[in-house]
Amino acid sequence: MNKLTSAISYGCLTKIRPLTIFYLVEYGFFALIMAIVVLCTGNVETNSSGAEMASAVFVSIMGALSFKEDFKAFLQNGFPRRYIFISTFCSFFLVSAAMALIDTLLGNVLHHFIKHFTIFGTLYGYGNLLTNWLWLTFVYMMFCSIFYLAALVVNKVGKTASLLIGVSLAGVILLIAALFRLVLSSELVSRIGRLVLNTFGFMNNGTVNLVYPILTFIVIGAVFGLGSYVLIRHTELK
């Protein structure tokens, strides 16, 4: 148990410095842009959902890089793969939760004072800080899981095969889009569209259920996490 706790602590501590630099750069740049906008136009209304998008990009990069950096360090120090997986995803959750808390609090405070708009607020409204935090936490966790699995796949099959897999997936997506446009009936497309909206909490009767999108992100993250666990058990550094 002490070994697992040490692994989790190490995984979190290695991310504190880049996380601090990220927020200093992000909100420093945001403050600079706001100052320029106010001086030039006098308008303090801004749509800065880009802040949350930047955080999503950051956790995606973190997820991809965590494999090479943390996996190598843990493996060399005799940690079993099960501990590596658990500690990695615990650190992902803690970092995602911390970033979601920062983005939720700052987003709502800025919205109150300068009419700043966030993704969650635009979709679901403002004021529900707990749900906003949970929503962002599992969005960030989902991106961590996806890109961690992507890094494992690249390590397992090589860059060329990974590129072919990526191209194949893009082809599948285009094929599905073509099916929706050319083959499936409008009624079926409408039903699928309503189902997708339901998973994001927008119900057919016009109400919003904020549990559904959170569960959706948890399920997607869990699926990719399970894939990562399957791969990591048979993964060697190349």
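# Briefing on a predicted helical and stranded chain

Leu 226 counts as exposed, because its relative accessibility is 55%. This residue belongs to helix α8, which covers residues 211-232. The model described here is predicted. Its protein chain contains eight helices and two strands, and 36% of its 238 residues count as buried.

**Overall architecture**

- Read from the N terminus, the elements of the protein chain follow the order α-β-α-α-β-α-α-α-α-α.
- Contacts between residues at least 6 apart in sequence were examined in the protein chain, and 79% of them join residues at least 24 apart.
- The protein chain has an accessible surface of about 13,800 Å², and carbon and sulfur atoms account for 73% of that area.

**Helix α7 and the residue after it**

- Helix α7 takes in residues 186-199, which is 14 residues.
- At 1.5 Å a residue, helix α7 should span 20 Å, and this agrees with its end C-alpha atoms, which are 20 Å apart.
- Gly 201 follows α7 and has a positive phi, near 95 degrees.

- Phe 29 is located in helix α1, which comprises residues 2-41.
- Because its relative accessibility is 53%, Phe 29 counts as exposed.
- Together with Leu 32, Ile 33 and Ile 36, Phe 29 makes a nonpolar surface patch of about 380 Å².

**Helix α2: Ser 66 and Lys 72**

- Helix α2 is formed by residues 50-76 and includes Lys 72; Ser 66 also lies in helix α2.
- Ser 66 has a relative accessibility of 4% and therefore counts as buried.
- With neighbours within four places in sequence left aside, Ser 66 is in contact with Lys 15, Phe 71, Phe 92 and Tyr 148.
- Ser 66 and Ala 151 are separated by 85 residues in sequence, while their C-alpha atoms are 8.8 Å apart in space.
- Lys 72, by its relative accessible area of 42%, is partly exposed.
- From C-alpha to C-alpha, Lys 72 and Ile 84 are 9.8 Å apart in space, and they are twelve residues apart in sequence.

- Ser 96 is part of helix α3, which runs over residues 81-114.
- The relative accessibility of Ser 96 is 0%, so this residue counts as buried.
- Leaving out neighbours within four places in sequence, the residues in contact with Ser 96 are Thr 137, Tyr 140, Met 141 and Cys 144.
- Cys 144, one of these contacts, also counts as buried, because its relative accessibility is 0%.

**Cysteines and disulfides**

- A disulfide covalently bonds the sulfur atoms of two cysteines.
- The structure holds zero disulfides.
- For Cys 90, the closest cysteine sulfur is that of Cys 12, at 8.2 Å, which is too far for a bond.
- The cut-off for a disulfide is a pair of cysteine sulfur atoms within 2.5 Å.
- Cys 90 counts as partly exposed because its relative accessibility is 29%.

- Leu 226, the exposed residue of the opening sentence, is 77 residues from Leu 149 in sequence.
- In space, the C-alpha atoms of Leu 226 and Leu 149 are 9.2 Å apart.

Key: Residues are numbered from 1 along each chain as its sequence is written. This is a predicted model: local features need pLDDT of at least 70, side-chain atom pairs count only at pLDDT 80 or more; totals for chains, interfaces and linings use all residues. Side-chain values use heavy atoms; hydrogens and water are left out. Patches are made of residues with over 30% relative accessible area and no salt bridge: like charges are joined within 9 Å, nonpolar side chains (Val, Leu, Ile, Met, Phe, Trp, Tyr) within 5 Å. Accessible areas come from the Shrake-Rupley method with a 1.4 Å probe; for residues, only the protein chains shown count as cover. A salt bridge is a side-chain nitrogen of Lys or Arg within 4 Å of a carboxyl oxygen of Asp or Glu. Helices (H or I, at least four residues) and strands (E, at least two) are DSSP runs, numbered from the N terminus. Buried means under 20% relative accessible area, exposed over 50%, partly exposed in between (1.4 Å probe, protein chains only). The expected span of a helix is 1.5 Å times one less than its number of residues. Contact means heavy atoms within 4.5 Å.
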